[in-house]
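Visitor: I should like to go through this model and ask on what grounds its features receive their names.
Guide: Please put your questions in turn.

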Amino acid sequence: VQREGFGGGGEDYDLDGGSEFQIGHRFSTREAVHMAVKNYNIRRASEYRVVESGPDKYVCRCRRYDAGCPWSLRVALPSC
């Protein structure tokens, strides 16, 4: 299910590998978030797992998070 304005709308993550995630980054749809996370992990040959996923929140982190891997991402729809 796509939700317009996921994360406040705006430009999506640069899927060609030229950008990193940043605090305040905005995505146009939920699918854009999923594609960005998949692409990010493919480029780095790492694995991630989804910790929480709902209509207005998406949280994922490195599969080795408990072993010290610091990578995590939380995307939420801002409250209006």
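Visitor: Which residues are buried in α1?
Guide: In α1, Arg30, Ala32, Val33, Ala36, Val37, Asn39, Tyr40 and Asn41 are buried. Buried means under 20% relative accessible area, exposed over 50%, and partly exposed in between, with a 1.4 Å probe and protein chains only. The model is predicted, so local features need pLDDT of at least 70 and side-chain atom pairs count only at pLDDT 80 or more, while totals for chains, interfaces and linings use all residues. Residues are numbered from 1 along each chain as its sequence is written, and side-chain values use heavy atoms, leaving out hydrogens and water.

Visitor: What covers the buried residues of α1?
Guide: The cover includes β1, β2 and β3, where contact means heavy atoms within 4.5 Å. Helices (H or I, at least four residues) and strands (E, at least two) are DSSP runs, numbered from the N terminus.

Visitor: How do you know that the span of α1 agrees with its 14 residues?
Guide: The expected span is 1.5 Å times one less than the number of residues. For α1 this should give 20 Å, and its end C-alpha atoms are 20 Å apart, so the two agree. Ala45, whose phi is positive, near 50°, follows α1.

Visitor: How many aromatic pairs are there?
Guide: The count comes to 1 aromatic pair.

Visitor: Why is the pair of Tyr40 and Trp71 called stacked?
Guide: Rings of Phe, Tyr and Trp (its six-membered ring) pair if their centres lie within 6.5 Å; planes under 30 degrees apart count as stacked, over 60 as edge-to-face and the rest as tilted. The centres of Tyr40 and Trp71 are 5.4 Å apart and their planes lie at 25°, so this pair is stacked. It links distant parts of the chain, 31 residues apart: Tyr40 is in helix α1, and Trp71 is in the loop between β2 and β3.

Visitor: Why does Trp71 count as buried?
Guide: Its relative accessibility is 15%, and therefore Trp71 counts as buried.

Visitor: What makes Glu47 and Arg63 a salt bridge?
Guide: A salt bridge is a side-chain nitrogen of Lys or Arg within 4 Å of a carboxyl oxygen of Asp or Glu. The side chains of Glu47 and Arg63 meet at 3.2 Å, N to O. Glu47 itself, at 52% relative accessibility, counts as exposed.

Visitor: Why is Lys57 called partly exposed?
Guide: Lys57 has 24% relative accessibility and therefore counts as partly exposed. The side chain of Lys57 meets that of Glu52 in a salt bridge at 3.3 Å, N to O.
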